[in-house]
Amino acid sequence: MKTAAAIRHVHFEDLGAFESVLTSSGYRIQYCDAGVSDLRSPELADCDLLVVLGGPIGAYEDDTYPFLADEIAMIEKRLNFARPALGICLGAQLFARALHARVFPGPAKEIGWAPVTLTSKGKHSPIRFLEGVPVLHWHGDTFDLPEGAELLASTAVCQNQAFAYGKSVLAFQFHPEASAKGFERWLIGHAVEIGGVKDISVQNLRSDTARLAPESAPLGQQCLREWLQGLD
């Protein structure tokens with residue numbers, strides 16, 4: 001059986017709708033919790049697929065969160081050897097750093113459901129399933145596109161919303177794994193951040209997720225399924 005290791009930064013930002021795709025594709029999933037698990041573990045370096053999930057910290061906050069140095073070093077090692085890796089939100093930002101690109105605060109926080117605009121490369125990639133479909137955004141930082149990466153999607157607020165690096169690396173700034181199931185945990189865990197953003201409310205995020213996630217999540221699953229098939 002293939003192995004997938006998922007680095008989780010906060011417990012509620014898990015694999016979501018992607019978990020069932022991985023298990024049905026023959027992966028045994030192991031979660032590693034940043035700040036607790038050993039991010040230098042050979043299991044992370046040697047697994048068949050590494051997934052780096054989201055979280056509320058900055059990818060550049062090494063002084064505050066020293067584990068980031070080990071995490072970035074491990075990601076860099078995998079990317080240098082073209083080992084399969086998937087990054088979501090903070091994960092995408094950490095991939096950018098591992099590829100020596102800059103991560104920095106964006107022009108505005110992007111929280112809520114909105115579609116992304118696909119590039120020509122994106123229209124011919126697995127993320128084509130998400131064209132025109134509202135997806136969940138939840139970030140305040142952004143990053144420069146790494147050298148050698150292909151831009152796949154953008155929004156007006158954040159130019160670099162998804163990129164590929166070869167066929168073995170896929171990174172999303174948004175959350176294609178988000179589903180209605182368990183979303184209440186996001187609303188609780190991010191309560192302080194929600195309260196600090198004008199025109200964003202728990203009630204609207206809850207109702208938008210209930211309405212839009214049933215369409216978005218299966219399309220995100222199709223995207224992941226096709227990408228995994230391309231790894232074989």
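Modeller: Before we start, this is a predicted model, and a residue here is buried if its relative accessible area is under 20%. By that cut-off, six of the seven residues of strand β1 (residues 2-8) are buried.

Biologist: Fine, so what makes β1 and β2 partners?

Modeller: Pairing takes at least two bridges, and β1 and β2 have seven, running parallel. One spot to look at is Lys-2, which stands opposite Tyr-27 in β2.

Biologist: Which order do the strands of the open sheet take?

Modeller: The order is β2-β1-β3-β4-β10-β9-β8-β6, eight strands with mixed pairing. β2 (27-33) and β6 (117-118) each have a single partner strand, so one side of each has no neighbour in the sheet, and that is why they stand at the edges.

Biologist: How do you know that β4 pairs with β10?

Modeller: Same test: the cut-off is at least two bridges, and four join β4 (residues 85-88) to β10 (residues 169-172), again in parallel. Gly-87 faces Ala-171 of β10 there. Helix α4 (residues 90-98) packs on the sheet, with contacts to β3 (49-52), β4, β9 (162-165) and β10. The directions of α4 and β4 make about 120°.

Biologist: What makes the reach of helix α3 close to the expected one?

Modeller: α3 (residues 67-80) has 14 residues and spans 20 Å from first C-alpha to last, against an expected 20 Å at 1.5 Å a residue. Just after the helix, Ala-82 takes a positive phi of about 55°.

Biologist: Which residues of α3 are buried, and how do you know where they sit around the axis?

Modeller: They are Phe-67, Leu-68, Glu-71, Ile-72, Met-74, Ile-75, Arg-78 and Leu-79. Their arc around the axis is only 160°, so they lie on the same side of α3.

Biologist: Why is the pair Trp-138 and Phe-183 called edge-to-face?

Modeller: Two cut-offs settle that: ring centres within 6.5 Å make a pair, and planes over 60 degrees apart make it edge-to-face. Trp-138 and Phe-183 come in at 6.3 Å and 65°, so by that rule they qualify on both counts. Trp-138 belongs to strand β7 (residues 135-143) and Phe-183 to helix α6, so the pair ties together parts 45 residues apart in sequence.

Biologist: Is His-190 buried or exposed?

Modeller: Buried: its relative accessible area is 5%, and the limit is under 20%. His-190 sits in the loop between α6 (183-189) and α7 (191-195). Leaving out neighbours within four places in sequence, it contacts Phe-12, Glu-13, Pro-56 and Trp-138.

Terms used
Residues numbered from 1 in each chain as written. Predicted model: local features only at pLDDT ≥ 70, side-chain atom pairs only at ≥ 80, totals over all residues. Heavy atoms only, no water. Helix = DSSP H or I, 4+ residues; strand = E, 2+ residues; numbered from the N terminus. Contact = heavy atoms within 4.5 Å. Axes fitted to C-alpha atoms, helices over the stretch in contact; angles between N-to-C directions. Expected span 1.5 Å × (residues − 1). Buried < 20%, exposed > 50% of the residue type's maximum accessible area, 1.4 Å probe, protein only. Arc of directions from axis to C-beta. Phe/Tyr/Trp six-rings, centres within 6.5 Å; stacked < 30°, edge-to-face > 60°.
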